[in-house]
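This report covers the fold of one protein chain.

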Amino acid sequence: MAAGAGAPSQRRAMYSILAAFVAAGVLALVPKARVELKHHIARLAMLLSGWTFRSESALCKNMPDDRHKLPLKYVAFGEPHTSMKDFMVMLCFLWWAKVDHVRFMVTKKHFYPVMGSILTILGAVKVDPSRSGNITQQMVDYVTNCKGRCVLLIPPSGTRRKTEYWRSGFYYIALGAKVPVLPAFLDASKKEFGFADPVVLTGDMKADMDKFRAVYKDKRGFYPEDESACKLKAEEESK
């Protein structure tokens with residue numbers, strides 16, 4: 001059955017993951033147990049959904065034991081991004097890997113009562129498009145000023161629909177904050193998630209993007225027909 005077929009068993013599995021996240025949001029209020037609780041909840045979600053981990057990294061072959069080898073701060077991808085389920089799978093992966101201080105951007109308008117509190121517990125960073133300065137600079141400042149570990153989870157395609165280009169915000173956030181990019185992936189066709197080695201951006205956009213294209217060329221999202229091309233418009237403009 002195709003990855004995007006939406007079989008009932010797949011939907012049940014994803015509902016189980018969502019329920020696990022809600023439970024984690026409550027249990028994560030216990031600071032000392034936060035990482036272990038998230039890890040075990042993610043393990044349960046993996047067991048229920050049938051997803052497994054696969055490393056394409058020479059640096060970290062054995063997760064979560066090798067997690068200390070990852071950089072202190074980095075931008076992590078979540079691609080291919082074709083469904084809201086992608087976000088749950090990637091967050092589940094990072095929780096299972098015991099990667100703490102995972103953050104993701106959510107616009108200010110979504111922080112209404114109750115939902116705002118849940119988003120904050122899960123790691124949402126409030127961004128305000130109306131503020132002076134753009135969102136990219138807001139996130140550069142956030143990552144730069146963050147004390148200790150900071151993992152900024154971004155789906156660079158920026159949408160669940162097929163587009164010709166990825167959005168370039170992740171590139172300028174990573175360059176501006178001087179942090180590497182971790183090409184984390186999911187492959188719905190095999191029910192696997194994982195990552196390749198961190199990429200330190202050089203400013204040579206095409207050379208940097210070629211490294212990401214090598215990672216994602218054989219990864220399929222939940223809806224392959226909606227996968228966005230792994231390229232930036234600025235690559236063509238710089239020719």
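## Terms and model

Axes are lines fitted to C-alpha atoms, for helices over the stretch in contact, and angles run from 0 to 180 degrees between N-to-C directions. Helices (H or I, at least four residues) and strands (E, at least two) are DSSP runs, numbered from the N terminus.

The model is predicted: local features need pLDDT of at least 70, side-chain atom pairs count only at pLDDT 80 or more, and totals for chains, interfaces and linings use all residues. Residues are numbered from 1 along each chain as its sequence is written, and side-chain values use heavy atoms, with hydrogens and water left out.

## Confidence

pLDDT is the predictor's confidence in each residue, on a scale from 0 to 100. Its mean over the protein is 83, and 84% of the residues reach 70 or more. Where pLDDT is low, the predicted coordinates should not be read in detail.

Five strands form an open sheet in the order 4-3-5-2-6, with parallel pairing. Two strands pair if DSSP finds at least two bridges between them. Strand 4 (124-127) and strand 6 are the edge strands, each pairing on one side only. Strand 6 is joined to strand 2 (residues 73-77) by two bridges in the parallel sense, and valine 75 stands opposite valine 181 of strand 6.

Helix 5 packs on this sheet and touches strand 2, strand 3 (102-107), strand 4 and strand 5 (150-154). The direction of helix 5 makes about 135° with that of strand 4. Contact means heavy atoms within 4.5 Å.

Strand 1 and strand 8 (residues 192-196) run parallel and are joined by five bridges. Serine 55 has phenylalanine 195 in strand 8 as its bridge partner.

## Helix contacts

Helix 5 (residues 135-145) packs against helix 6 (residues 169-177) at an angle of about 40°, with the axes 9 Å apart. That makes helix 5 oblique to helix 6; angles under 35 degrees count as roughly parallel, over 145 as roughly antiparallel, 65 to 115 as roughly perpendicular and the rest as oblique. Thr136, Met139, Val140, Val143 and Thr144 of helix 5 meet Gly169, Tyr172, Ile173, Gly176 and Ala177 of helix 6.

The axes of helix 2 (residues 34-49) and helix 3 come within 7 Å and cross at roughly 130°. These two helices, helix 2 and helix 3, are therefore oblique to each other. Helix 2 contributes Lys38, His39, Ala42, Arg43, Ala45 and Met46 to the contact, and helix 3 contributes Cys92, Trp95 and Trp96.

## Backbone geometry

Methionine 63 and proline 64 are joined by a cis peptide bond with omega of about 5°; proline 64 is in the loop between strand 1 and strand 2. A cis peptide bond also joins glutamate 79 and proline 80, with omega of about -5°. Proline 80 lies in the loop between strand 2 and helix 3.
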